[in-house]
Amino acid sequence: MPAITGKQYIDRIDQLNSEIWVDGKRVTGKISEHPAFKGVMKSQAALFDMQHDPNLKDILTYPSPTTGDSVGLSFLEPKTKEDLVKKRMMVQEWARATNGLMGRSPDYMNTTLMAYASSAKLLEGKNSCFPQYLQSYFEYVRENDLTLTHSFIEPQVNRTFYYLEDEKEPIAAKVIGENEEGIIIKGARLLATQGGMTDEILVYSMGPIIDEGKGYFFSIPSNTKGVKFICRESLVGGDSSFNYPLSSKYDEMDTIVVFDDAVVPWDRVFIYDDPMTANDFMISSSFQPFTLHQVISRQIVKTEFVLGIVQSIIKTINIAEYQHVQEKAAEVIVALESLKALLMKSEIDAKINRFGLMEPDRATLHAAITVYPKVYPRLAEIVQLLGASGLMTIPTENDFNSPIRRDLDQYLQAKAAPAEERVKLFRLAWDLTMSPFGTRQTIYERFFFGDPIRVASQLYFAYDKEPYVQRIKDILK
């Protein structure tokens, strides 16, 4: 099956009938009709439909190297700098359709899997590692346009660096046995965004791994027996796109994944019982540079969206003459142009890696992902500072359809917009920065690649500083 349509995506997920729990109740019937999922699944389906738009087909798809059919371009293994540009254009085309608010749109996991599969040679000759399964799985996902979620972290029980569980029943998911069918997993994993609304889940035990049974990397269908998704409270405020212009469309559910003696078939096991390899593969593979390239591409579009809101507020209530307003808007512009420059530099400085792919410059992208967790909360703050009380005087759609409409039209009008148009804009700004959905967006960007301090430390140790130290030594001589 080549690139799928939105209907095929929804039908496939509905038919899985995965075990999903929301607010203490198991989801029954079609998940695509559940209030917590219907808006975001419709938005995701629209992305798949874009693959069949004649004007976008060349941007969003490419011929499969296996069948020649059109498959998603996010699966492309880039061999040239031009390929990297194509991948950026693809990511940003989809991101514009969601205003960059869906951090786990399918292209993220497609990129992740491509990066891992391209690095499969690192697993050759390793104990209990199966690079051939990883490569064949990548082709299977690509050729069937499957959707994936993933889980890379453990429950927050004890954040000590070297924590060993002493519980009789596992808390963090671990391998508790094996049989002819595969390995047996028991315990929980975090934080599977879009859990339950994807075909499969990719699970990786990230380091430092010293506990027995935790060195693994595998993927299984979301409806595997013994797998359940426990959802956080839905942040969808309601169906009204007037009242909830963003949360009604883009609330990607976050879930806890529980494995209750779930069996992972051997051909879906990529690393097993090899903590050293599991610890090393994430860093040594192409995962970071390619996923960071995808992430920054999306964050640029999201920052453009913020700038659009900021400037719309400025024009609507006529505050452009104030220098502090100009300064705040300039901050957003600087953030946007800085991200663009870093992304472009990563492509210009790209080099063929040891796996034969054109890899964007790691250090440049690592700098970008170190900056953005600090930048995005400030962007949200700027929207709040400019919107001020206007972000609290936001009547609902029902208010505008009631006898008080005349009062609203009179007292909530703006210099450059009638009351209803002004309120729509301010509700958009509120949903981005102040609603439960908006605050989740802020914490999401703060911790997208983990603890920002740890990310900065990784950049410090990975960055080649010796040329600059040598320059100082030369001066001191």
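1. A search of the whole structure finds 23 salt bridges, a salt bridge being a side-chain nitrogen of Lys or Arg within 4 Å of a carboxyl oxygen of Asp or Glu. The structure is a predicted model, in which local features need pLDDT of at least 70 and side-chain atom pairs count only at pLDDT 80 or more, while totals for chains, interfaces and linings use all residues. Residues are numbered from 1 along each chain as its sequence is written, and side-chain values use heavy atoms, with hydrogens and water left out.

2. One of the salt bridges joins the side chains of Lys7 and Asp11, at 2.6 Å from N to O. Lys7 and Asp11 are four residues apart in helix H1 (residues 6–16), and are therefore separated by about one helical turn. Helices (H or I, at least four residues) and strands (E, at least two) are DSSP runs, numbered from the N terminus. Lys7 is exposed, with a relative accessible area of 59%, whereas Asp11, at 28%, is partly exposed. In these terms, buried means under 20% relative accessible area, exposed means over 50%, and partly exposed lies in between (1.4 Å probe, protein chains only).

3. A salt bridge of 2.9 Å (N to O) connects the side chains of Asp260 and Lys186. Asp260 belongs to strand E11 (residues 255–265) and Lys186 to strand E7 (residues 182–189), so the pair ties together parts that are 74 residues apart in sequence. Asp260 is partly exposed at 40% relative accessibility, while Lys186 is buried at 18%.

4. Glu420 and Arg405 also form a salt bridge, with their closest N and O atoms 3.0 Å apart. Because Glu420 lies in helix H14 (residues 419–433) and Arg405 in helix H13 (residues 405–411), this pair ties together parts that are 15 residues apart in sequence. Glu420 is partly exposed, with a relative accessible area of 26%, and Arg405 is partly exposed at 28%. Elsewhere, a network of salt bridges links Arg232, Asp251, Asp254 and Arg440.

5. The search of the whole structure also finds 27 aromatic pairs. Rings of Phe, Tyr and Trp (its six-membered ring) pair if their centres lie within 6.5 Å; planes under 30 degrees apart count as stacked, over 60 as edge-to-face and the rest as tilted. Tyr108 and Phe448 form an edge-to-face pair, because their ring centres are 5.8 Å apart and their planes stand at 90 degrees. Tyr108 is in helix H5 (residues 106–118) and Phe448 is in the loop between helix H15 (436–446) and helix H16 (452–462), so the pair ties together parts that are 340 residues apart in sequence. Tyr108 is buried at 2% relative accessibility, and Phe448 is buried at 9%.

6. The pair of Tyr137 and Tyr140 is tilted, because the ring centres are 6.4 Å apart and the planes are at 40 degrees. These tyrosines, Tyr137 and Tyr140, are three residues apart in helix H6 (residues 131–144), which places about one helical turn between them. Is each residue buried or partly exposed? Tyr137 is buried, with a relative accessible area of 2%, whereas Tyr140 is partly exposed at 37%.

7. Two contacts between a charge and a ring deserve a note. A charge sits over a ring if NZ of Lys or CZ of Arg is within 6 Å of the ring centre and within 35 degrees of the ring normal. The charged end of Lys302 sits over the ring of Tyr376, 4.6 Å from its centre. Arg427 lies over the face of Trp430, at 5.2 Å from the ring centre.

8. Strand E5 (residues 148–151) is covered on both faces: Leu148 and His150 on one side, and Thr149 and Ser151 on the other, are all buried. In a regular strand the side chains alternate between the two faces of the sheet. E5 pairs in the parallel sense with strand E8 (residues 200–204) over four bridges, where pairing requires that DSSP finds at least two bridges between two strands. Glu200 in E8 is the bridge partner of Leu148.

9. Some backbone features may be checked in the model. A cis peptide bond, with omega about -10 degrees, joins Leu190 and Leu191, and Leu191 is placed in the loop between E7 and E8. Asn17 is not a glycine, yet has a positive phi of about 55 degrees; this residue, Asn17, lies in the loop between H1 and strand E1 (19–22) and is partly exposed at 48%.
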